[in-house]
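Please open the structure in your viewer and keep the selection panel at hand.

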Amino acid sequence: MTSCRICGGAVGELLDLGRQPSANRFLSPEEAPQEYLFRLAIGACDTCTMVQLMEDVPQEVRYHPAYRYLASGSALHRKFFAGEARRLLETELTGPDPFMVEIGCNDGVLLEHIAQAGVRHLGVEPAASVAALAEAKGVTVRNSFFDDVTAAEIRTGRGADVIYGANTVCHIAYQDALFRGVDTLLAPDGVFVMVEPYLGTIVHGMAFDQIYDEHVYYFTAHSVRAMARTFGFELVDVEDVPLHGGEIRYTLARPGRRPIRPAVADMLAREQSSGLIERDTLARFARAVAQIREDLVDLLRGLRAEGRTVVGYGAPGKTATVTTYCGIGPDLLPFTCDSTPAKQGLLVPGSHIPVLPPAEFDAARPDYALLFAWNHAEEIMAKEKAFRDRGGRWIRYVPRVRVD
Ligand code: SAM
Ligand code: TMP
Ligand code: ZN
């Protein structure tokens, strides 16, 4: 038993994915023998329902100076965050001298639009590699972790009208210090918007590869509402977002400052009726994950026995989880390709599968491609139409193993 990081309740384990690496710590061959590993397992709190890692990895190991996740890596993400900027500029950032803070601004995919609009902003980003890319786009960046101490240093005047975090809030183990920081920094009528992976997508959509060291929490409307209350805030709106297979945009405000939108009650009811927060559902999910492993390994071994060539496509953080859990190494999958230059020439954490540029995918003319970046399927399949046209087949493993 672990104690809940939010409420101190008992956390019962649900799923153990074994010894795993830090999912975005791509390695050179020389680094591989001393790789950092930990036990990747999740559990649910009996009291507040929060699903969370049983053990976590120190944040300095996860967000190091050469951190390689690039928020601008896909057209889908660029379009979504440009839309978010437009929307915030039209709704929340309309008063005199508005101010917006983004926690985990990464390469500036959102704040570049706020900067272009001439609106006062600050990105708080601990990874120097991506912080420099944001700065090059004209974004003002503070290269540090966000917490209560940083928040006090940032605060000026009435505070921030918007505090925003996308795919970042669930990465922060210390939600108490995070919320103390939000409390210090947020203007009285400001909003704290968080766009985060959804436990419903993971459990109902079988996206078990979203479970990795960076995702300390796996949010639902239930658990976010409870967390907001614990730390003196109120959940006032929820919305579906088409990123990472299906995420939720949660809006939090100080209690009583904003009307609670009907979408909140709707989502709570949906979570209740779909059994999302019940132990039985989560136990069934854990069994189905083991089935995917069996099916995927059987398929890859069968194809190898038939002399077919299979390579990977994409090297998102998710790749480490699925390949390490399934024991898929370079013997079953000689390489994967990825458009992120900083990942090319390195090895996938855990499974040590080489990452090559997409040009190598064409050159290899594989029979099958295992799609790790399944949340970008449409964009990738359109780009790689020639592969399908010459008879190549795509293998997917979410929500179940299938060949298209
Ligand atoms: N917001 C972008 C998006 O949605 O694509 C980037 C998400 S990326 C997965 C998470 C980012 O949060 C990383 O750039 C990481 O360095 C940053 N981060 C992690 N912990 C943080 C903390 N305590 N304070 C601020 N940023 C943090
Ligand atoms: P994400 O799922 O965390 O957004 O990461 C997607 C990964 O897939 C990222 O490393 C970039 C890579 N990718 C390609 O290699 N080709 C593509 O066309 C797209 C959209 C993504
Ligand atoms: Zn709890």
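Predicted model: local features only at pLDDT ≥ 70, side-chain atom pairs only at ≥ 80, totals over all residues.

Residues are numbered from 1 along each chain as its sequence is written, chains are lettered from A and ligands numbered from 1 in the order in which they are written, and side-chain values use heavy atoms, with hydrogens and water left out.

**Stop 1: ligand 1**

Next, display the N and O atoms. A polar backbone atom of Gly104 lies 3.1 Å from a nitrogen atom of ligand 1. An N or O atom in the side chain of Tyr174 is likewise 3.1 Å from a nitrogen atom of the ligand, and one in the side chain of Thr168 is 3.2 Å from an oxygen atom of ligand 1. On its own, ligand 1 has 600 Å² of accessible area (Shrake-Rupley method, 1.4 Å probe), of which the protein covers 98%.

**Stop 2: ligand 2**

Move to ligand 2, which is surrounded by 16 residues, the closest being Lys318, Asp338, Lys343, His376 and Lys383. Four of the shell residues are nonpolar, seven polar and five charged. Helix α13 (residues 377-383) supplies three residues, the largest share of this shell; helices are DSSP runs of H or I with at least four residues, and strands are runs of E with at least two.

Which distance separates a polar side-chain atom of Lys343 from an oxygen atom of ligand 2? The distance is 2.8 Å. For His376 the corresponding value is 2.8 Å, and for Asn375 it is 2.9 Å. The protein buries 96% of the 490 Å² that ligand 2 exposes when taken alone.

**Stop 3: the six-stranded sheet**

Finally, select the open, mixed sheet, ordered β15-β14-β13-β16-β17-β18; strands pair if DSSP finds at least two bridges between them. β15 (355-356) and β18 (402-403) each have a single partner strand, so one side of each edge strand lacks a neighbour in the sheet. Strands β16 (residues 368-371) and β17 (residues 393-396) pair in parallel over three bridges, with Leu370 bridged to Ile395 in β17.

Key: Near = heavy atom within 4 Å. Polar contact = N/O pair within 3.5 Å; in protein donor to acceptor, adjacent residues only side chain to side chain. Nonpolar A, V, L, I, M, F, W, Y, C, P; charged D, E, K, R; others polar.
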